[in-house]
Amino acid sequence: VGSQQRDVEAWDAVLEATAQCFERATALVGRTGVRPTFVNLGGGFPARYVDGIPAVETYGRAIMAAFDRHFGTAQDRPVLLAEPGRYLVGDAGVLRTEVVLVSERSIDPKRWVYLDCGRFGGLAETMEEAIRYRLRTPHDGAPTGPVAIAGPTCDSADVLYEKSDYRLPLALRAGDPVDILSAGAYTTTYSAVGFNGFAPLAEHFV
């Protein structure tokens, strides 16, 4: 169903197709000796980023309704497995970054905020601004203005957010910390080793 799936109905068509595969496989049991016994729903369960998400119970009800619809309610129907990794660990992580530079350009109404961690430092999921993390600064609550947010490397692709409507405090300065919230999923595993001389993300467990 895709990663960070916010549509609770997305599993319906997938389970319908899977049920058809089960029917075909079951019809071949006499020839193959192999009987399918479980369905892996995979991942897709979302974490809480900028955009709101339904409660996980809403997903459960929608998935079970689709499962009943396509597989019936007999006791011998397949076992369901799921891989809710992002949902489980997303909110468990905070990525602490530091502002390297705040740049104002006469040709751009947005300030450019450069952080010491970028796309190659673990924030690969900002590609095409697909995952929009929530941010926290020491100046939250103060007046804000529109910003573009970029990483520290010399790669032109190291721009996290330019099209999304991010606004950060006007008081933000180099040296200020910026916490990237709900960063528990994939960030450390995406962190490149030594890209442009930057060390991979350090992990601290509390």
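## A tour around strand 6

Begin by selecting strand 6, residues 144–150, where five of the seven residues are buried, so this strand is largely enclosed by the rest of the structure; buried here means under 20% relative accessible area, exposed means over 50%, and partly exposed lies in between, with a 1.4 Å probe and protein chains only. Strands are DSSP runs of E with at least two residues, numbered from the N terminus. What you have open is a predicted model, in which local features need pLDDT of at least 70 and side-chain atom pairs count only at pLDDT 80 or more, while totals for chains, interfaces and linings use all residues. Residues are numbered from 1 along each chain as its sequence is written, and side-chain values use heavy atoms, with hydrogens and water left out.

Keep Ala150 selected and bring in strand 7, where Val159 is the bridge partner of Ala150; strand 7, residues 159–161, pairs with strand 6 in the antiparallel sense over two bridges.

Then select strand 8, residues 167–169, which is antiparallel to strand 6 and joined to it by three bridges, with Arg167 of strand 8 standing opposite Pro146.

Finally, move to Phe38, which lies in strand 1, residues 38–40, and is partly exposed, with a relative accessible area of 47%.

Methods: Helix = DSSP H or I, 4+ residues; strand = E, 2+ residues; numbered from the N terminus. Pairing = 2+ DSSP bridges.
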